[in-house]
Structure formats: C-alpha cells, structure tokens
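Thanks for coming, everyone. Please bring up the model on your screens, and I will walk you through the inside of the fold.

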Amino acid sequence: MNENTGNTVSTEQGVVHEPGGRLLDVHRPARGPAAMPTVLLWHGRGPEERDVLAPLAREAASLGLVVVVPDWRPDAPDGGWGHLRASVRFARERAGEFGGDAERIVLAGWSLGAYAAVSVAVRPELMGGWRPAAVAGIAGRYLWERPEMGLGNLRDARWPRRPPARCPSIWCTAPPTTSRTSTTHGTSCPSSTDGGGRSPSPRPTPTTRAR
C-alpha cells in the first residue's frame, strides 16, 4: 500500500478489499474533519480500471469527501458482482479508518458501474437490504440486462407506493449519445432516455472517457 500526498488530497493506493486480492484506492482531503461523507465510486466495464477514475476521485476529495475507488472485474463469472459487494462491505466497515463516515455513503458509478449502482438503489436486496445515502450514475446505460450479475432492465423500476424511510436520492446522466439527463426521486434513471424524468439537469463535462 502506497500513500501519495498532494497539497490538498492524500491518496492511499493498493488497499486489498476482497479475498481474491482486488485492490482499491482511497482519496481523501489531506486535512479534514473526523467523519467526512464517503463516496464509493465504481468504474465501467474495463477490468480493474480504478486508475481511470483517479482524476475524478481526487477532484471530489478536494471538496471534502473520502472517495473509495475499487477495482472489479466485469468479466468474472458473476459479472464482478462479488467484487462490488466486497467493496460495499469495505466502505461500510472501514471508511472510518480513512476519515470517512460509514453512515453517509454515496454510491456512484461510471457507465456499467452506474447501471450497477442504480440497480442497488432500486433493489436494496442486492446488497442485503443496504441502501446508500444517495446514488450518482455517470454516463450510464440503464436499459439493458446483465443476467450474470442478476441485474435486469431498469425501465420499469419504481419505488413502492410508500417509499422506505431511508430513501436515497438518485442523480443520473445518460451516455453521450442521448440528449437529456435527469434527477429522479421515485422514478428510475432510464427516464433519461425515455422522456419520463422529473427534473432535467445540465450535463456535466466528463473528466474521463466512458467505458
């Protein structure tokens, strides 16, 4: 495990987060309060590409967040779902070691990672009933299926008529080929492509290429 420290952001690299030896990096403010909000950030379909999201993670950390970026392998027999579950377990159990607040975890993802993150938001049973404080999907595609991961099309995903007490906000952007983004709370992020979103939001400028 290596630690690199800049003027405002410290990065601990190569932390093992699951029994198979998958690694993660933790980006955090060099100085900050004892319990900062935690972001768990999943990369896209390329295997073990946590480095691709390092610029975005460091930028977020400079704003006062602890950002955990794990490697995972979408080409694994289970589509990498075991790796993603392990990263959630790590964030919940060990965020405090890095100054993060395990009770305030935002689950975020890029591309395939976005699809997986939003799937957790609408189907908490995928993570044993755990719900993140909020979910952010970046350049995600939500209208496909990954049966090896146990994930399906999110077009018809909806909250129950009576939402749970701990109901995360969901913020999504569509891939560059679509023209809208949507912020949804109670509707599914696929509305960014089918016109059903409640609150369109400006598209941010991506800091890395979509995978």
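What covers the buried residues of α3? Before I answer, some ground rules. This is a predicted model, where local features need pLDDT of at least 70 and side-chain atom pairs count only at pLDDT 80 or more, while totals for chains, interfaces and linings use all residues. Residues are numbered from 1 along each chain as its sequence is written, and side-chain values use heavy atoms, with hydrogens and water left out.

Now the answer. The cover of α3's buried residues includes β4, α2, β6, β7 and β8. Helices (H or I, at least four residues) and strands (E, at least two) are DSSP runs, numbered from the N terminus. Buried means under 20% relative accessible area, exposed means over 50%, and partly exposed is in between, with a 1.4 Å probe and protein chains only. By that cut-off, 11 of the 11 residues of α3 are buried. Among them are Leu112, Tyr115, Ala116 and Val122.

Next, the core. A nonpolar core is a set of buried Ala, Val, Leu, Ile, Met, Phe, Trp, Tyr and Cys residues joined through side-chain atoms within 4.5 Å. The largest one here has 37 residues. Leu40, Trp42, Trp81, Leu84, Leu107 and Met127 have the most contacts inside it. Several elements each supply at least two residues of this core, including β3 (23–29), β4 (36–42), α2 (81–94), β6 (100–110) and α3 (112–122). The largest share comes from α3, with 9 residues.

Zoom in on leucine 84. Contact means heavy atoms within 4.5 Å. Leave aside the neighbours within four places in sequence, and leucine 84 touches Trp42, Trp72, Ala116, Met127 and Met149.

There is also a second, separate core, of 14 residues. Val9, Leu41, Leu53 and Ala57 are included in this second core.

On to helix α1, residues 54–61. Ala54, Ala57, Ala60 and Ala61 are buried there. Where do they lie around the axis? They cover an arc of only 125°, so they are on the same side of α1. That arc is taken from the directions from the helix axis to the C-beta atoms. The buried residues of α1 pack against β2 (9–16), β3, β4 and β5.

Now the rings. A pair of aromatic rings is described by the distance of the centres and the angle of the planes. Rings of Phe, Tyr and Trp (its six-membered ring) pair if their centres lie within 6.5 Å; planes under 30 degrees apart are stacked, over 60 edge-to-face, and the rest tilted. How many aromatic pairs does the whole structure hold? The search finds 3. Take tryptophan 42 and tryptophan 81: the centres are 6.4 Å apart and the planes at 70°, so this pair is edge-to-face. The pair links distant parts of the chain, with tryptophan 42 in strand β4 and tryptophan 81 in helix α2, 39 residues apart. Tryptophan 42 is buried at a relative accessible area of 0%. Tryptophan 81 is buried too, at 4%. Phenylalanine 90 and phenylalanine 98 make a tilted pair, 6.1 Å centre to centre with 35° between the planes. Both of these phenylalanines are buried.

The side chain of arginine 28 reaches the backbone oxygen of phenylalanine 98 at 3.3 Å. Arginine 28 lies in strand β3, and counts as buried at 18% relative accessibility.

Another arginine to find is arginine 146, in the loop between β7 (134–138) and β8. Buried or exposed? At 14% relative accessibility, arginine 146 counts as buried. The charged end of arginine 146 sits over the ring of tryptophan 144, 5.7 Å from its centre. For that, NZ of Lys or CZ of Arg must be within 6 Å of the ring centre and within 35 degrees of the ring normal. The side chain of arginine 146 also makes a polar contact of 3.0 Å with the side chain of glutamate 148. A polar contact is a pair of N or O atoms within 3.5 Å; within protein, one must be able to donate a hydrogen and the other to accept it, and residues adjacent in sequence count only if both atoms are side-chain atoms.

Last, the backbone. Most residues other than glycine have a negative phi. Glutamate 48 has a positive phi of about 55°, and is found in the loop between β4 and α1. Alanine 139 has a positive phi as well, near 50°.
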